[in-house]
Amino acid sequence: MSRAFLVVMDSLGIGGAPDAAAFGDEGANTVAHIAEACAAGRAEQGRSGPLRMPVLDALGLGAALQLASDARVPGLGAVPTGLWGAATEVSHGKDTPSGHWELAGVPVPWDWSYFPETVPAFPQDLVAEVCRLAGTDGILGNCHASGTEIIDRLGAEHMRSGWPICYTSADSVFQIAAHEESFGLDRLIALCEGLAPLLHARRVGRVIARPFVGQPGSFSRTANRRDFAIAPPAPTLLDWVQDAGRPTHAIGKIGDIFSHRGIGKLHKGKDDAALFDHLDRLADEAEPGSLIFANFVEFDSLYGHRRDVSGYARALEWFDARAGGFLARLRPGDMVLFTADHGNDPTWRGTEHTRERVPVLIAGRGAGSLGLCAFADVAASIATHLDIPAQGPGRSFL
């Protein structure tokens with residue numbers, strides 16, 4: 001039986017979302033603006049010259065970019081040898097759960113709840129519940145903030161007081177940062193898990209534990225992050241595959257995003273390099289008929305949010321080189337679909353995600369244009385490839 005690999009390059013947008021203006025993102029284009037910066041010599045830290053992504057460009061990355069946003073950029077102009085298209089999201093959010101759920105066949109049927117950009121940002125009853133569960137007299141932060149910035153700013157006070165650092169962003173999210181040693185990793189995880197039902201009932205999408213280590217002046221976040229996401233409102237692609245009696249593998253934070261529903265085996269790692277090792281291994285070992293669903297988060301977390309153009313370009317070139325070796329491992333009948341969940345243009349204002357179309361690049365199913373499609377079409381198409389029933393609004397492009 002054929003296998004399917006769904007690989008999400010977290011935040012690799014290609015511009016052109018028809019509703020971008022409603023999100024304040026008209027003109028944002030993650031891939032195009034990175035490529036333009038590289039060609040202009042503005043992304044020279046740790047790399048040099050035009051953006052080089054020959055493997056994904058050969059599958060159709062440059063062609064998908066042009067289709068999505070009419071952008072033509074140096075370094076991305078290959079004649080595609082794979083199936084390629086550009087997908088548009090309909091969910092009312094530009095966050096991780098919305099993008100992944102819709103790619104898995106389930107658009108979000110509600111509007112997420114967001115916290116106001118005020119200080120304090122959180123209602124008093126929520127603060128009181130955090131304090132009750134944490135056993136503290138107060139919290140730190142209580143605002144919109146960058147995760148690395150707020151740890152640098154409040155980490156020392158947190159270690160002195162023992163109060164958790166609570167913050168949010170433009171996403172529907174409640175985040176708690178705490179020191180793994182002075183506060184305790186298990187205590188932080190339990191705190192976030194205990195808060196999750198209250199916040200999910202209010203349509204806040206995720207409660208995220210953000211552990212860190214170190215001393216004042218040299219704090220760093222660890223790989224022990226845990227996301228407690230609201231459960232998808234309907235069965236997703238992962239459930240469809242499991243219900244058909246097929247194996248499912250989740251690489252990276254896929255388990256957290258889908259509340260561990262429909263997941264047979266979970267493969268975690270300290271960084272994207274470790275996650276790619278899992279992907280290579282599963283190309284060799286995954287069972288016939290299986291779905292392997294992977295998320296590579298560092299494009300977003302390390303470079304998009306931090307507006308690091310050089311870093312994002314380095315990560316793309318590293319990923320492209322790894323992709324070539326991965327594709328060489330595939331068996332006859334395998335299908336690989338590379339895509340993204342939203343944008344995070346590192347040249348854009350602010351530090352948040354950007355509303356964009358995303359590429360759909362397929363190896364193993366011939367060549368040609370898919371045109372403009374929907375996020376949910378990804379799930380329907382993978383179901384077609386695996387020869388299992390599909391649910392939801394998506395239509396197969398295979």
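Asp95 caps the N-terminal end of helix 4 in this predicted model, with a side-chain oxygen 2.9 Å from the backbone nitrogen of Ser98. Helices here are DSSP runs of H or I with at least four residues, strands are runs of E with at least two, and both are numbered from the N terminus. The model is a prediction in which local features need pLDDT of at least 70 and side-chain atom pairs count only at pLDDT 80 or more, while totals for chains, interfaces and linings use all residues. Residues are numbered from 1 along each chain as its sequence is written, and side-chain values use heavy atoms, with hydrogens and water left out.

Helix 4 spans residues 96-103, and eight of its eight residues are buried, so the helix is largely enclosed by the rest of the structure. Buried denotes under 20% relative accessible area, exposed over 50%, and partly exposed the range in between (1.4 Å probe, protein chains only). The buried set consists of Thr96, Pro97, Ser98, Gly99, His100, Trp101, Glu102 and Leu103. Just after the helix, Gly105 takes a positive phi of about 100°.

The UniProt annotation "binding site", from an unreviewed entry, covers Asp10, Asp341 and His342. These positions are spread over 333 residues of sequence but cluster in space, the largest C-alpha distance being 7.2 Å. UniProt positions follow the numbering used here, with feature names shortened, and such annotations may be inferred rather than shown by experiment.

Asp10 is located in the loop between strand 1 (4-9) and helix 1 (30-39). Asp10 has a relative accessible area of 0% and is therefore buried. Contact is defined as heavy atoms within 4.5 Å. Beyond residues up to four places away in sequence, Asp10 touches Thr96 and His100, along with Lys253, Asn295, Phe296, Val297, Phe299, Asp300, Tyr312, Asp341 and His342.

Asp341 occupies the loop between strand 12 (335-339) and strand 13 (358-363). Its relative accessibility is 0%, so Asp341 also counts as buried. With neighbours within four places in sequence set aside, the contacts of Asp341 include Asp10, Ser11 and Glu89, as well as Thr96, Gly99, His100 and Leu103. A polar atom of the Asp341 side chain lies 3.0 Å from the backbone nitrogen of Ser11.

Ser11 is itself in the loop between strand 1 and helix 1, and Ser11 is buried because its relative accessibility is 0%. Its phi is near 90°, a positive value in a residue other than glycine. Most residues other than glycine have a negative phi, and most peptide bonds are trans. Asn142, in strand 3 (residues 140-144), likewise has a positive phi, of about 60°, although it is not a glycine. At a relative accessible area of 12%, Asn142 is buried. A cis peptide bond joins Val119 and Pro120, with omega about 5°; Pro120 is in the loop between helix 4 and helix 5 (124-134).

The domain assignment gives domain 1 (4-109 + 233-386) and domain 2 (124-229), with bounds taken from an automatic or database assignment. Taken over C-alpha atoms, the centres of domain 1 and domain 2 are separated by 29 Å. Twelve residues from domain 1 and eleven residues from domain 2 take part in the contact. The two domains bury about 990 Å² between them, 48% of it on carbon and sulfur atoms. Buried area is the accessible area (1.4 Å probe) that two parts lose on being put together, summed over both. Asp256, Arg306 and Glu352 supply 41% of the area that domain 1 buries against domain 2, more than any other three residues.

Across this interface the rule finds zero salt bridges, a salt bridge being a side-chain nitrogen of Lys or Arg within 4 Å of a carboxyl oxygen of Asp or Glu. Three residue pairs in polar contact are found across the interface, both residues at pLDDT 80 or more. A polar contact is a pair of N or O atoms within 3.5 Å; within protein, one must be able to donate a hydrogen and the other to accept it, and residues adjacent in sequence count only if both atoms are side-chain atoms. On the side of domain 1 that touches domain 2, helix 4 and helix 9 (254-257) each supply at least two residues.

His249 lies in strand 9 (residues 248-251) and is buried, with a relative accessible area of 4%. The side chains of His249 and His267 are joined by a polar contact of 3.0 Å.
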